[in-house]
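Me: I'd like to go through this one with the cut-offs on the table. Can you tie each label to its value?

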Amino acid sequence: MLLQPKLQRQCPPTLPKEEALGDLRFRALLSASDWAGLPAPIRRRFSKRVAGGEIAVYSGAVEHTELSRTGWLFAQLARLCGGPLPLSRQAGVPAVVSVTEDMVTGGQIWTRLYARRSGFPQIIHSSKRFAGPTGLEEYVGRGVGMELTVHVEGGALLFRSARYFFRIGRVGFHLPSWLTPGALTVTHAELGEGRFTFTLNVVHPFFGRIVHQHAVFREVVS
């Protein structure tokens, strides 16, 4: 099935004056009740404007990472498209996340840096684009990306993979399930006092959970 990407810059709808300075695109992907059910710090975090050279920075540490043998294999194969999956099982290592504007699509560039006890850190780049059938895509590189759906569960914000795709220019197709690592879920949950968790789970249809990573961050205030 061919994809027709919608990568043009999208403007948020007209909103009350007190909300006009925020980025309301994540909010638009949820119902009003779901958005209201999120803790205020999460709502602020995902309404932060990072256009015009602004940048949001979060620092923390990876508390634990689990990789099954299948997960390790997929992590190595994924290096062909930018290495978006964790390569190491090390725990207690520093991590930094930065978010800035994607000047091509108007979306957001997320850069994640995970230190390792030897060698250079692992650096993961991805672009969140407010486009596609679900309204949100995450592009990881070499033409590969995911359509994402957004949910609220237990006061946490969840991003789930819907379908993976490969796209070059304006032509693309959805990847068959056997070429993907499985269903991906990222959970953003509030801890209080400016701290929050980032939890990544990847569940393969045949091998079960193959990747699990849990990290704790706080916003860096300059």
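Reply: Buried means under 20% relative accessible area, exposed over 50%, and partly exposed in between (1.4 Å probe, protein chains only). This is a predicted model, where local features need pLDDT of at least 70, side-chain atom pairs count only at pLDDT 80 or more, and totals for chains, interfaces and linings use all residues. Residues are numbered from 1 along each chain as its sequence is written, and side-chain values use heavy atoms, with hydrogens and water left out.

Me: What makes F159 buried or exposed, then?
Reply: F159 has a relative accessible area of 6%, so F159 is buried.

Me: And F46, why does that one get its label?
Reply: F46 comes out at 6% relative accessibility, so F46 counts as buried.

Me: How do you know which label T100 gets?
Reply: T100 is at 26% relative accessibility, so T100 counts as partly exposed.

Me: Which residues have the most contacts inside the largest nonpolar core?
Reply: They are F46, L157, F159 and F217, in a core of 42 residues. A nonpolar core here is a set of buried Ala, Val, Leu, Ile, Met, Phe, Trp, Tyr and Cys residues joined through side-chain atoms within 4.5 Å.

Me: What does F46 touch?
Reply: Leaving out residues up to four places away in sequence, F46 touches D23, F26, W35, W110, L157, F159 and H188. Contact means heavy atoms within 4.5 Å.

Me: Why is the F26 and F46 pair called edge-to-face?
Reply: Rings of Phe, Tyr and Trp (its six-membered ring) pair if their centres lie within 6.5 Å; planes under 30 degrees apart count as stacked, over 60 as edge-to-face and the rest as tilted. For F26 and F46 the centres are 5.2 Å apart with 85° between the planes, an edge-to-face pair. F26 lies in the segment before α1 (32-36) and F46 in the loop between α2 (40-45) and β1 (55-67), so the pair ties together parts that are 20 residues apart in sequence. Helices (H or I, at least four residues) and strands (E, at least two) are DSSP runs, numbered from the N terminus.

Me: What makes the F46 and F159 pair tilted?
Reply: Their ring centres are 5.8 Å apart and the planes sit at 40°, so the pair is tilted. F159 is in strand β7 (residues 156-168) and F46 in the loop between α2 and β1, so this pair ties together parts that are 113 residues apart in sequence. F46 and F159 also belong to one aromatic cluster with F26, W110 and F130.

Me: How do you know that R129 lies over the face of Y139?
Reply: A charge sits over a ring if NZ of Lys or CZ of Arg is within 6 Å of the ring centre and within 35 degrees of the ring normal. R129 is 4.5 Å from the ring centre of Y139 and lies over its face. R167 lies over the face of F165 too, at 4.3 Å from the ring centre.

Me: Where is T100, and what lies 3.0 Å from its side chain?
Reply: T100 is in strand β2 (residues 93-101). The backbone oxygen of E54 lies 3.0 Å from a polar atom of the T100 side chain.

Me: In what sense do β9 and β10 pair?
Reply: Two strands pair if DSSP finds at least two bridges between them. Strand β9 (residues 183-192) and β10 have 9 bridges, in the antiparallel sense. T185 has N201 in β10 as its bridge partner. The two strands form a hairpin with 2 residues between them, and E193 in the turn has a positive phi of about 55°.

Methods
Polar contact = N/O pair within 3.5 Å; in protein donor to acceptor, adjacent residues only side chain to side chain.
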